[in-house]
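I opened a new page for this structure. These entries record what I looked up, in the order I went.

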Amino acid sequence: MFHPIFIITLLPALLLSLIATFMVQATFRKYSGVMSTSGLSGAEAARILLRSTGITDVMIEPVRGLLTDHYDPVSKTLRLSENVYSSSSIASIGVACHEAGHAIQHAEGYGWLGLRTTLVPIVQFGTYLSYFLFALGAGIGYLKLAILGVFLFALMVAFAIVTLPVEWDASRRARELMLNAGIVTIEEEAHAAKVLNAAFLTYVAAAITAIMQLLYYMAQLGFFGRRR
Ligand SMILES: [Zn+2]
């Protein structure tokens, strides 16, 4: 069923994804139980962080789900999962301030964020379309269609790669600013960093998986020499 190249390209990447997901859940759970000395909720911490950089036009609201936190640049809204929004744990404050970091990137016109936002609509329709084109093209033996699918998938890979500097930078800003604003102590900052680094690892795993998947498709189409 699976081509041998599947084992050498995709399997290690999928394993890394699993490890990263496990690590982010484990660190988040651990530091969800460690309360900050400031006693600020995630929402309050994010508000202070935004104010410290002069941002007053970003809304902060709770959203359902676990780790569903995100910044919406269209409506300038920081949506924090209920636990992150209301809890004053180190994990909640770290995640909330990371999301505030995205709002700051947006306000500053940080280039990588702009590029990422531009790619979002392409990724939304493109992922399934690329699978469809590849499967159809390979299925009926129409190579050009399959190559078009692979090209479209390459844009998904670009998106996953562009996400990396955006995520790293948001965490870097969050860590520096929450320390400067007195939201966390030096020790607490180091703990929040563990949660944020684990979260970053999931993005690294996703990017590697996407790259490996692209190589897999390309190998299937004979990009690296004829298959026997
Ligand atoms: Zn982020």
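**Entry 1: Met 212**

I began with Met 212, which is buried because 21 other C-beta atoms lie within 10 Å, where 20 or more are needed for that label. The model I am reading is a predicted one. I found Met 212 in helix 7.

I then asked which residues Met 212 is in contact with, leaving aside its neighbours within four places in sequence. I noted Thr 9, Leu 10 and Ala 13. I also looked up Leu 11: 201 residues separate Leu 11 from Met 212 in sequence, but their C-alpha atoms are 9.2 Å apart in space.

**Entry 2: The whole chain**

I stepped back to the chain as a whole. I read off seven helices and three strands. Starting at the N terminus, I wrote the order down as α-α-β-β-β-α-α-α-α-α.

For the extent, I noted that the C-alpha atoms fill a box of roughly 65 × 35 × 25 Å along the principal axes. Of the 228 residues in the chain, 36% are buried. I looked at contacts with a separation of 6 or more and found that 73% of them join residues 24 or more positions apart.

**Entry 3: The largest nonpolar core**

Next I looked up the largest nonpolar core, which has 51 residues. Which of them touch the most other members? I listed Ala 45, Ala 46, Ile 93, Ala 96, Cys 97 and Ala 100.

I checked where the core residues come from. At least two residues each are supplied by helix 1 (4-32), helix 2 (42-52), strand 3 (77-81), helix 3 (82-86), helix 4, helix 5 (111-140), helix 6 and helix 7 (186-220). Helix 6 gives the largest share, eleven residues.

Leaving aside neighbours within four places in sequence, I found Ala 45 in contact with Leu 40, Ile 93, Ala 96, Cys 97, Met 178 and Ile 183.

**Entry 4: Helix 2 and helix 4**

I turned to how the helices pack. The axes of helix 2 and helix 4 are 8 Å apart, at an angle of about 35°, and their crossing is right-handed. On the helix 2 side, I listed Gly 42, Ala 43, Ala 45, Ala 46, Leu 49 and Leu 50 in the contact. On the helix 4 side, I listed Ser 92, Ile 93, Val 95, Ala 96, Cys 97, Glu 99, Ala 100 and Ala 103. By class, I noted eleven nonpolar, two polar and one charged residues.

**Entry 5: Helix 4 and helix 6**

I stayed with helix 4 (residues 90-108) and looked up its packing against helix 6 (residues 143-180), where the angle is about 115° and the axes are 8 Å apart. That angle makes helix 4 roughly perpendicular to helix 6. Helix 4 passes helix 6 in a right-handed crossing. From helix 4, the contact includes Ile 93, Cys 97 and Ala 100; from helix 6, it includes Val 166, Asp 169, Arg 173 and Met 178. I recorded nine nonpolar, five polar and two charged residues for the contact of helix 4 with helix 6.

**Entry 6: Helix 5 and helix 6**

I then looked at helix 5 and helix 6, whose axes cross at roughly 150° and come within 7 Å. Helix 5 and helix 6 are therefore roughly antiparallel. Their crossing is left-handed. I noted that the residues of this contact divide into 25 nonpolar, six polar and one charged.

**Entry 7: Loops**

Thr 37 is in the loop between helix 1 and helix 2. Is Thr 37 buried or exposed? I put Thr 37 down as exposed because 11 C-beta neighbours lie inside 10 Å. I noted that the C-alpha atoms of Thr 37 and Thr 185 are separated by 7.9 Å, while the two residues are 148 apart along the chain.

I looked up phi for the other two. Most residues other than glycine have a negative phi. Leu 67, in the loop between strand 1 (59-63) and strand 2 (70-72), has a positive phi near 55°. Leu 67 is partly exposed, with 14 other C-beta atoms within 10 Å. Lys 76 sits in the loop between strand 2 and strand 3, and its phi is positive as well, near 50°. Lys 76 counts as partly exposed, with 14 C-beta neighbours inside 10 Å.

Notes
Residues numbered from 1 in each chain as written. Predicted model: local features only at pLDDT ≥ 70, side-chain atom pairs only at ≥ 80, totals over all residues. Axes fitted to C-alpha atoms, helices over the stretch in contact; angles between N-to-C directions. Helix = DSSP H or I, 4+ residues; strand = E, 2+ residues; numbered from the N terminus. Parallel < 35°, antiparallel > 145°, perpendicular 65-115°, else oblique. Left-handed = near helix turned anticlockwise from the far one by under 90°. Contact = placed C-beta atoms within 7 Å. Nonpolar A, V, L, I, M, F, W, Y, C, P; charged D, E, K, R; others polar. Core = buried A, V, L, I, M, F, W, Y, C linked by C-beta atoms within 7 Å. Buried ≥ 20, exposed ≤ 12 C-beta atoms within 10 Å, placed from the backbone.
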